[in-house]
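Reader: I'd like to go through this model with you and ask where the labels come from. Could you set each value against its cut-off as we go?

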Amino acid sequence: MAPPPPPPPMCLPFTSSKKVKRRLSWSTSDRRPDSYSEQATHSYVDEKSRGELSRNQSYSSRSTGSTLKGGGNTGRSSSRTSLTFNSDSEKYDNFSDTEKEFDLSKSKLARSNTFLGTSSSPGLSREGTKKSTSSSNHKWGYGWTLGRKRSDTGPAGSSGANLTREMSQRSYATPVTTPPGENPPGLRRSDTKSSSASKDSKASRTSSKSSKSSVLPVPAPRPRRLSPHDSSDTLIGSTYERKVNEPTQESLRRMDSTVLLSELRKLMDKESLDYYLIPHDDAHMSEYVAERDQRLKFISGFSGSAGTAIVTRSNAYLFVDSRYWLQAREQVDNNWTIVELGRPGQVTDWVEWLLARIKSSKIGLDARMLSHEKATIINTKLNAKASKLAYPPQNLVDLVWKDHGQPPKSKDEIYIQGVEFAGQEARDKLRGLRKYLSSHAPDVPSYSRSPATPSQQHTGILISNLPAIAWTLNLRGCDIPYNPLFHSYLFISLDRSYLFIDSEKVNKQVSSYLRSLDVTVRDYGDIWTFLRRREWGEGKVILSPNTSYAISLMLTHFRYTVEPSYIEKTMAIKNDVEIAGLKRAYLRDGVSFVRFLAWLDEKMSQGYEISEWEAGFRLTEFRRKNKNFIGIAYQNISATGANAALPHYSPKKGGDAILSRDVPYLNDSGGQYRDGTCDTTRTVHFGRPTSAQCEAYTRVLQGHIAIDSAIFPLGTSGYQLDVLARKALWKDGMNYHHGTGHGFGSFLTVHEGPHGFSSSIPLKPGHVITNEPGYYEEGEWGIRIESALFVKEVHTKNSSSSTSTETWLGFERFTCVPIQTRMIKEGMLTKEEKNWVKTHNRSVYDKVAPIIKKEEDWRALKWLKRETEREIGIAKPVLGGVDIDWG
């Protein structure tokens, strides 16, 4: 990679003599007994025992409200309306309702002399200044200090592969939340009216003691910094807790799997198995799985969201695709051989690898963790190898895991997704399913001339797909990370319905609701007794191809018919209420994204060092204050330099890279809201991009525009449109090796089918889909632009003609985040493409600006106005050799 160009002459923050902004931090003299921290995150202190906060101006952004379980009071957002991201010195009328916070003591807020390293009293201290000024109109807030300034810490991170330290992905635990209908007591603060400017540190300490407002009690001492770029010492409240409790790269060091593999092989010997298969999937073929179901991670140490392990009597193999090659190398030990699927010279699937090696072999697996479709393909090919699948009565990994502390099952209660969000009553959905079932033709052999017998009639539908169950019954849960789902099975016959679920998850309200739908609740494990005894009576059961193979085995092939899921096709077409909800959710999410980019742009221009993890964390905190926010929709993809060239890279605290002004920064993330699931990607540059970066960005943008503005006849599939996103890239011999876009749910999963730009399913009005072309320069940088769209009917020039009989479709955008124009090469765009960029950015301003104005976030408003009005690209040098950066 060629050396980056020198920074523009006007890039003054790196040499600014302006004093470093003050930081609010925990004093190192704070010491609390260990027992204090044990109860820290589990209780509130009495309101009277809390101190109140008094502090001077803070250069920071703000923390936000709590992550709510879906069963919580979604109306809480109203209590957050006074919390604004005005600038680095902000006003807070009071704290937001937060997650259960640490217990507060009576230690006091004091001012420390940072030049002497002393403090007048133990507790919270101010650092980095000789003087302090305060007045009644000074604003304050959570300290969002931003790592360290580059001028204090050396040169900024370099571009390319040197930016990469270590990489791993993680699984987020379910956050501590407030019980439904219960608002946690907020922290109080009094008006700071009497604090005056101090002339020296002694006067400052005196002023602090004599303030009219009481002081903030201090929690247990913060943990030692695990990264030189960590800024957790500047956070308080639930934000502080979330940040310091985040696992670091060091805590996820490579595990030793020797003992676990030895125990597993002993169990394999007892079952006379030559191979044992360990997929990432759970019994419902979920993309994300609960902590208890992370068997692949337990046995190998690999925490990615896709992969398969095969253990033999002497070796262990891990199969991962290109998204996880690097992560697998970092996480698994020398007991494992990594098979990098898709790499030249390697196989493309673990089935291909297995078939090339087996002969008269016995392959063991848990039949619940393999889909019917996959198992059928394997069985067909195994016969030619004189081999067979074997199904031990218990999962062998679970037998090993139970002696090493396997996590318990989730017992979180499920809750109702109201019709105000769903747009259709569950009773109507059940009625539609029964209509589909009754109209389904009996399974009569083509050669038979006899009328259908009762055993050939279709009398039931068994649903094992968790999003389909949640959608059908208008219920949501908390069993799966990032997804509001719950473990269950649903059986629907012509006159009865059964929900198989752990009874602890069904409270009185939900139980009454299910009775009103004539749905009988049975224990989760009863599904096997129900199937074995054929309790629905005579007739066949309809299954989807992705149903667990164990269910197929239990029913035998005489009692089921496999067909594409009717529910999944139906739920993919959003109704008017769901479309309206998604519009609201994407607007709120877009406001948060704009605030984040404004914050990040300011800090980068001031020379602060921001890590990838820190950037992703900040965006989540901006989202956390939004109405109806439940959590994030998937792991934050926050990447710079070489990491951005990995499409599914997710940073880990303490093992991530520092954002650079020399390479693009890519953020792919989204929030889960009661009224919609969001997925947005933007790539931005904080310096002067290279010609190669600009050309790649422009080609990606052209593909993005081509999909967004496409007009096509009814019956066209996403697969047929996919070439539009790649055409501009292909002209320059460029490409990307992931899908162009996928469907997504209405407060369900971020990946939803069956349609998409890789699917031959025709697009229909009401389908929602992402538009995300990209380009990745391996080892250097990556670019992706993603917006969410919905399909609708459009009027063309001739569509109103009396001779026109065709229906024409197009897209409308949900996403409300501007496109950065800094990396666009204007000369590469057509007139229509330039107008698209200007129209898009102007539309974003019109939608987002009123909300930001109302909340008085002047920093974000200034940034938004600049980004949506700026010229395309960076101006060429003018007379005198001065470069003008439109930013």
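Reader: Which residue lies over the face of Trp471, and what makes that count?

Author: That's Lys429, at 4.1 Å from the ring centre. A charge sits over a ring if NZ of Lys or CZ of Arg is within 6 Å of the ring centre and within 35 degrees of the ring normal, so Lys429 over Trp471 qualifies. Arg726 does it too: its charged end sits 3.9 Å from the centre of the ring of Tyr736. Before we go on, this is a predicted model, where local features need pLDDT of at least 70 and side-chain atom pairs pLDDT 80 or more, while totals for chains, interfaces and linings use all residues. Residues are numbered from 1 along each chain as its sequence is written, and side-chain values use heavy atoms, with hydrogens and water left out.

Reader: Why is Arg822 called buried?

Author: Buried means under 20% relative accessible area, exposed means over 50%, and partly exposed is in between (1.4 Å probe, protein chains only). Arg822 comes in at 4%, so it is buried. For contrast, Ser511 has 22% and is therefore partly exposed. Over the chain, buried residues make up 59% of the 887 residues.

Reader: Where is Arg822 in the chain, and what does its side chain reach?

Author: Arg822 is in the loop between β32 and α22 (831-854). Helices (H or I, at least four residues) and strands (E, at least two) are DSSP runs, numbered from the N terminus. The Arg822 side chain reaches the backbone oxygen of Gly687 at 3.1 Å, and one of its polar atoms lies 3.0 Å from the backbone oxygen of His685. A polar contact is a pair of N or O atoms within 3.5 Å; within protein, one must be able to donate a hydrogen and the other to accept it, and residues adjacent in sequence count only if both atoms are side-chain atoms.

Reader: What makes Phe302 and Tyr324 an edge-to-face pair?

Author: First, the search of the whole structure finds 26 aromatic pairs. Phe302 and Tyr324 are 5.7 Å centre to centre, with 80° between the planes. Rings of Phe, Tyr and Trp (its six-membered ring) pair if their centres lie within 6.5 Å; planes under 30 degrees apart are stacked, over 60 edge-to-face and the rest tilted. So the distance makes Phe302 and Tyr324 a pair, and the angle makes it edge-to-face. Both Phe302 and Tyr324 are buried.

Reader: Which rings are linked into a cluster?

Author: Phe491, Tyr498, Phe500, Phe530 and Trp536, through ring pairs. Phe530 is also one of the buried residues of helix α15 (residues 526-533), along with Ile527, Thr529 and Leu531. What covers them includes β14 (489-493), β15 (497-500) and α16 (549-555); contact here means heavy atoms within 4.5 Å.

Reader: How do you know that β31 and β32 are paired?

Author: Two strands pair if DSSP finds at least two bridges between them. Strand β31 (residues 787-793) and strand β32 (residues 808-813) have 5 bridges, so they are paired, and they run antiparallel. They belong to an open sheet of 4 strands in the order β25-β32-β31-β28.

Reader: Why are β25 and β28 at the edges?

Author: β25 (712-713) and β28 (768-771) each have a single partner strand, so one side of each is left without a neighbour in the sheet.
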